[in-house]
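Thanks for making the time this morning.

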Amino acid sequence: MQSRFLRPPGALPENEFLATCIRCGKCVQACPYGTIKTASLLDGVTVMGTPVIYARDRPCYLCMKCPPVCPSGALKRGLKEKEQVRMGTAVIAKKECLAWQETLCRSCFDDCPLIGEAIIMDNELRPVVDDKKCVGCGICENVCPVDPAAVAVRPGGKG
Amino acid sequence: MRLKRLRTAAQIGTICLVILVPLANKKGFTFITGTLYSLAVGPVWITDPLIGVQTVLTTARLDAVLLLSLLIPVFLAFALGRVFCGWMCPQNTISEWADRVAAKLGITRLFRPQPRALPRTIVLAAVLTATPLVGFPLASLLSAPGLISAQAGKYVVEGVVGLEAGLIGLIVVVEFFLVRRAWCNYLCPVGGFLGLFRLKGTLKVVFAEDAEHVCGKCRACVDACGLGLDPLGGNLYPLCHNCGDCVGVCEALKERGKPLSFRF
């Protein structure tokens, strides 16, 4: 199932995540950036109380403090390396992206925590996402100067 | 009334915990984290038994960390009964205080059934049966203490609460006008589940008269019971959550030889 929501790092695939997460809110409290929000009843009965990330408002800075606090294992507690996170994948909307429209901009490239790996600049100085390296933290989506953002994380649900 | 003061302190303490933990976490103090669904005090993890069991049902997996975290509350329930409900649960505190206000205002409820354990047992059975079928943790949605503390956390982080907080308001309104103490007595799956952990030696309120312990038939204990139970009639469990109010007033009225007492 394609997730509607970006989940914290280490989250199980969406269906399994919804079954395992006990909606306790410990990850929400563990997040020092206030990145992790709590879905409410208005988002749907099945997702109510689950942790969600709205990367455009505030992305995940990959501090990795939330996976180890999860009491039910809905977030893989053993996940420590930020490179192994797979919350989703950034997708660049080339028609909106300044660099792809021949205006110089490398905001996403500059702020990507996996510097020069998840987002690379091609030989015409346009950002390209490496699907295999991108962890889906959403920092690129957060810093994109275009409104709405020309790069957005597609929730992947692979942890 | 020492018992009552102790209990009020525990109740207010729990409410403070629910509010201060997310605030402290936000400031970077993380010795205690979590909510009344699942709490971590340093390295000690404590999870509501119903929430843990429901997760086993939805995932068909036994997670060692989760199961270990159920030990303390299960042990507590076996030893002291449902003291979580009577001494800590913020929903019980809210309902109890609202009930006192209702009593002061002289409100008579539309329905006045005799408290019985059966409806709550049926609700619990329905929740546990439906949980693996729907595939998501139904009990988490219906845990009033969990909702209250998780919503307190949400408020601290986001400055808003979810619509689901309305359940708490709904409970209060229903209990105020329709059925006295409807949630705790007839519906709450968390309390229903905790009530299952009962042995012969579990702490209980005992009414026992003999030559030195004589009941003055003042019925102060009946009036004192916040759940509307009758400590003189016996057969209190599993509805009684060992709050001790009846034992407390009995003590207050008869310095020596009170017939109501806590016993293992």
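How many helices and strands does chain A have? Please keep in mind that what you see is a predicted model. In this model, chain A has 4 helices and 6 strands, and if we read along the sequence, these follow the pattern α-α-β-β-β-α-β-β-α-β. The radius of gyration of chain A is 16 Å, which is close to the 15 Å that the globule rule gives for 159 residues, so chain A is as compact as a globular protein of that length. Taken along the principal axes, the box filled by the C-alpha atoms of chain A is roughly 45 × 30 × 30 Å. Of the 159 residues in this chain, 52% count as buried, and if we take the contacts in chain A between residues at least 6 apart in sequence, 69% of them join residues at least 24 apart.

Let me turn to the contact between the two chains, to which chain A gives 25 residues and chain B gives 32 residues. On the side of chain A that touches chain B, the elements that give two or more residues are α1 (14–20), α2 (26–30) and β1 (36–38) of chain A, and of these α2(A) gives the most, with 4 residues. Sorted by class, that side of chain A has 12 nonpolar, 10 polar and 3 charged residues.

Staying with chain A, there are some backbone details to look at. Which of the two is buried and which is exposed? Arg23(A), placed in the loop between α1 and α2 of chain A, counts as buried because 28 C-beta neighbours lie inside 10 Å, and the cut-off for that is 20 or more. Glu102(A), found in the loop between β3 (88–92) and α3 (107–111) of chain A, has 9 other C-beta atoms within 10 Å and is therefore exposed.

There are also cis peptide bonds to point out. In chain A, such a bond joins Asp147(A) and Pro148(A), with omega about -5°, and Pro148(A) has its place in the loop between α4 (139–143) and β6 (151–155) of that chain. In chain B, the peptide bond from Tyr237(B) to Pro238(B) is cis, with omega near 10°, and Pro238(B) sits in the loop between α13 (220–224) and α14 (245–253) of chain B.

Finally, the strands of chain B. An open sheet of 3 strands has the order β1-β2-β3 in this chain, with antiparallel pairing; its edge strands, each pairing on one side only, are β1 (32–34) and β3 (44–47) of chain B, and the twist from one strand to the next averages 15°. Within this sheet, β1(B) pairs with β2 (residues 38–41) of chain B over 3 bridges, and Thr33(B) has Ala40(B), in β2(B), as its bridge partner. Further along, β4 (residues 204–207) and β5 (residues 260–263) of chain B run antiparallel and are joined by 4 bridges, with Leu260(B), in β5(B), as the bridge partner of Phe207(B). In a regular strand the side chains alternate between the two faces of the sheet. In β4(B), Val205(B) and Phe207(B) make up the covered face, whereas Lys204(B) and Val206(B) make up the uncovered one.

Methods: Residues numbered from 1 in each chain as written. Chains lettered and ligands numbered in written order. Predicted model: local features only at pLDDT ≥ 70, side-chain atom pairs only at ≥ 80, totals over all residues. Pairing = 2+ DSSP bridges. Axes fitted to C-alpha atoms, helices over the stretch in contact; angles between N-to-C directions. Buried ≥ 20, exposed ≤ 12 C-beta atoms within 10 Å, placed from the backbone. Rg over C-alpha atoms; globule rule 2.2 N^0.38 Å. Contact = placed C-beta atoms within 7 Å. Nonpolar A, V, L, I, M, F, W, Y, C, P; charged D, E, K, R; others polar.
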